[in-house]
Amino acid sequence: MTLPIYEQEGLNTGATILRPDMDWQMKALAAAPRTWRNTGFSAPPGGGRFGEGALDFSPGWFQRLRDVRLNQLLVRLGSNPFQNSQQLEDFLYVSASLRTDSAAEFLKATESVDVISNAITALVAPRQYDYGLAAIELIKKGQHLYDRHPILDSWISVWSGFAMILNRVTPIHRDLGGAPEDYDLLFSSGTHDTCNLDVPDLGATLLYRPGTAVAITGRVLQHGVKMWEGGERICQARFMKDAVHDRLGLPRPTWVNYEEYIALGSLEH
């Protein structure tokens, strides 16, 4: 799938809006021990147009998602030695990165990208779209949130959140926060000329130039970007959090199958 030029430039503009937040984050990470969170960045001299960094945005998620999954297992075992860890029944939180003026400006600048991403989701994974929409509606009502924030009124996406990743290589990985049946939706933007998305489990290498949109079952299939050439790279990665849907009492989607698409193609006009 390919994004129209207008939406590509919307993501580019959005990246410049977020640059002060990215710069602040990178300065904070510079003093931290080197991990995957603060490595792999390669901005041009002076930072280029977009700078570098990675930020997550969500209208409602757990503060420590890994602990949620651990505690679900411990509850089944009848013990919980980590009493201060996040519990599945705890409140959800609007992410700190979404509570800023720049985030509000970003959402306004990229509204059309949200509309397109919702349409792609409804076509590629109809049940995931339905459950994603139901989750966002429940979050906006506020009863599962620690506190409600006005930014929720500007959130029109059916996705649990997204990551903005600027000028960074992405190691081969799986996205463990989603359900196996869930797709992630990856948008490529920026100014680069050459880039590939590697999916080693399929033995596949996909062209990943600006304007590319890829839906991938990220928990099941390893994927990553080893390099790019010719400019600056932006990735917006949209995700749905399985634990958040569990907290909201929503089921997992069933696996998408080809019969659904055959049925769409046979509809009478």
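**Notes on H223 and the aromatic pairs**

1. Leaving aside residues up to four places away in sequence, H223 touches P171, I172, H173, D175, L186, L197, D198, P200, I216 and G218 (contact means heavy atoms within 4.5 Å). This is a predicted model, where local features need pLDDT of at least 70, side-chain atom pairs count only at pLDDT 80 or more, and totals for chains, interfaces and linings use all residues. Residues are numbered from 1 along each chain as its sequence is written, and side-chain values use heavy atoms, with hydrogens and water left out.

2. H223 belongs to strand β8 (residues 223-225) (strands are DSSP runs of E, at least two residues, numbered from the N terminus). With a relative accessible area of 4%, H223 is buried (under 20% relative accessible area, 1.4 Å probe, protein chains only). Its side chain reaches the backbone oxygen of L221 at 2.9 Å.

3. On to the rings: F57, F106, W155 and F162 form one aromatic cluster (ring centres of Phe, Tyr and Trp, the last by its six-membered ring, pair within 6.5 Å). The model has seven aromatic pairs by this rule. F57 and F162 are stacked (planes under 30 degrees apart), because their centres are 4.9 Å apart and their planes are at 20°. F57 lies in strand β1 and F162 in strand β2, so the pair ties together parts 105 residues apart in sequence. Both F57 and F162 are buried.

4. W61 and F239 are also a stacked pair, 6.4 Å centre to centre with 10° between the planes. W61 sits in the loop between β1 and α2, F239 in strand β10, 178 residues apart. F239 is buried at 12% relative accessibility.

Methods
Phe/Tyr/Trp six-rings, centres within 6.5 Å; stacked < 30°, edge-to-face > 60°. Helix = DSSP H or I, 4+ residues; strand = E, 2+ residues; numbered from the N terminus. Buried < 20%, exposed > 50% of the residue type's maximum accessible area, 1.4 Å probe, protein only. Polar contact = N/O pair within 3.5 Å; in protein donor to acceptor, adjacent residues only side chain to side chain.
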